[in-house]
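Here is a friendly walk through one model, from its confidence to its core. Please have the structure open as you read.

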Amino acid sequence: MRVNAHKALNSTSESCYVKKLKLPKAREDELRAVRDELRDAIRSGLKDWTDHFPITEMVTRDAIVALNSEQLDVTEAFGRPKFRMQGSFSYSTVNDPAKGKTPPLQIDLDDGMFLPTRYINRDGAVAPSVAADGYFRAVETLLADVCEKNGWTLKRKTSCIRVEIDQEAHVDIALYAVPESEFTTLIETAKAQNRLVQDGFMELRDEDFAEEIYGRLSADQMRLACRGDDGRGKWIPSDPRKLEDWFRDAVRDHGDQVRFVSRYLKAWRDEQDLGGLASIALMWAVVEVFENHGGYKPFNGRDDLALLAVARALPDILRQEIPNPVVPGERLDQGWSNTDRQAFASAAMNLVAQLDAALIKSSTPQTTVQHMLNALGSRFPTDVSLLVDEAPEAGAAVAAPEVLTSGLLEIKDDRPAVKLGGDERYA
Ligand SMILES: [Mg+2]
């Protein structure tokens with residue numbers, strides 16, 4: 001029989017899957033409190049930074065020369081940092097991680113630190129006057145004290161500083177530089193247009209920064225501090241807003257279902273222990289299928305059909321290169337070995353098989369539940385009253401039933417997984 005499992009995935013029922021994936025409110029509050037404590041430690045520690053950190057470590061040699069020659073105070077190489085959340089908390093795709101995994105899965109709260117910095121000309125290009133290496137060291141020093149006090153663990157990652165709060169959660173802080181001149185202009189404009197009320201940009205609140213300034217900063221001079229192979233800090237061009245905008249646009253075009261299906265796939269990834277399969281690659285797959293679904297009946301009110309359509313496309317998507325949708329020439333699958341890729345694709349084949357067995361070929365509601373549990377883990381509800389037998393009106397509810405019943409053979413042909421203009425396999 002053909003089953004409508006939408007309510008089991010997403011409904012007002014307290015036992016539906018998406019409610020079980022939700023991070024408990026108390027845990028979310030706790031994580032935000034930790035984030036705020038870390039922000040405060042950095043903010044207050046950098047206020048009189050010359051008392052704690054050597055100028056020659058914090059400011060590049062070129063910048064010291066350049067600032068001196070312009071008779072500018074070196075202590076004003078940068079201003080007060082502002083913060084803005086990134087990653088799944090800003091995409092609204094956070095899941096409470098599945099329990100019982102070894103090692104335990106961790107909630108990943110990504111925070112961005114934006115330091116308004118004077119930029120100087122260097123080798124024909126503009127560069128932040130702050131030294132990436134000194135920036136890392138200063139923030140690490142400031143966080144070390146808070147970590148010790150709270151029993152948290154500081155870890156140095158390639159492009160961020162990680163604070164592990166406990167076995168199941170960490171906060172990542174990415175360190176950016178943004179041009180102070182542009183920052184100041186944006187604040188003045190915002191004030192002139194009555195979008196900002198308080199005086200003095202030193203006291204600009206993070207909320208106002210996020211709402212009024214962050215989205216208006218130009219991309220070309222934004223830099224992210226990274227560690228090179230030698231462990232030393234360096235600056236790379238990076239704009240975290242691009243991916244965020246890309247995903248927000250997809251949600252605007254195709255609705256919240258893009259978010260929900262992304263969360264089901266992330267939960268599937270976690271259940272199947274596919275740690276290296278980045279969330280953003282799964283989100284790309286979801287968006288790609290929704291984009292190419294144009295011309296067919298939308299997945300109106302049917303998260304199960306949307307998930308099935310994405311699952312059907314997933315093995316082929318994972319076998320091919322996955323482009324970064326906002327940075328030409330870069331990819332989302334760069335770190336994958338062939339073994340990884342095969343493991344991801346074969347897990348995706350299994351997902352299709354489980355969903356087919358659950359939604360298309362199931363003989364009883366219990367069979368449906370069993371296959372959904374296999375695919376999505378024990379948080380999928382076992383309450384069969386959330387499943388609806390679609391058989392009597394299958395033709396009306398499903399755009400192309402013959403495609404849905406065609407099984408796995410359908411994805412073994414040579415056609416590309418994703419075809420512009422749509423492909424009836426996703427219908
Ligand atoms: Mg992270």
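Over residues 394-427 pLDDT stays under 50, and for this stretch the predicted model has 50 contacts beyond four places in sequence. Across the protein, pLDDT averages 89, and 90% of the residues score at least 70.

Let's turn to the core. The largest nonpolar core has 61 residues, and A285, V286 and V310 have the most contacts inside it. Helices that each supply at least two residues of this core include α1, α2, α13, α15 and α16. The largest share comes from α14, with 11 residues. In soluble globular proteins, nonpolar side chains tend to be buried together.

Some of the helices that supply at least two core residues each are listed here with their residue ranges.

| Helix | Residues |
|---|---|
| α13 | residues 279-291 |
| α14 | residues 303-319 |
| α15 | residues 338-359 |
| α16 | residues 365-376 |

Also among the contributors are α11 and α12. How do the axes of α11 and α12 cross? The axes of α11 (residues 241-254) and α12 (residues 257-271) come within 8 Å and cross at roughly 120 degrees, so the two helices are oblique to each other. On the α11 side, A250, V251 and H254 meet Q257, V258 and R259 of α12. By class, this contact has 3 nonpolar, 2 polar and 1 charged residues.

Finally, take a look at D133, which sits in helix α8 (residues 132-150). Is D133 buried or partly exposed? With 18 other C-beta atoms within 10 Å, D133 is partly exposed. Leaving aside neighbours within four places in sequence, D133 is in contact with R232 and G233. D133 and R232 are 99 residues apart in sequence, yet 5.9 Å apart in space, C-alpha to C-alpha.

Key: Residues numbered from 1 in each chain as written. Predicted model: local features only at pLDDT ≥ 70, side-chain atom pairs only at ≥ 80, totals over all residues. Axes fitted to C-alpha atoms, helices over the stretch in contact; angles between N-to-C directions. Helix = DSSP H or I, 4+ residues; strand = E, 2+ residues; numbered from the N terminus. Parallel < 35°, antiparallel > 145°, perpendicular 65-115°, else oblique. Contact = placed C-beta atoms within 7 Å. Nonpolar A, V, L, I, M, F, W, Y, C, P; charged D, E, K, R; others polar. pLDDT = per-residue confidence, 0-100. Core = buried A, V, L, I, M, F, W, Y, C linked by C-beta atoms within 7 Å. Buried ≥ 20, exposed ≤ 12 C-beta atoms within 10 Å, placed from the backbone.
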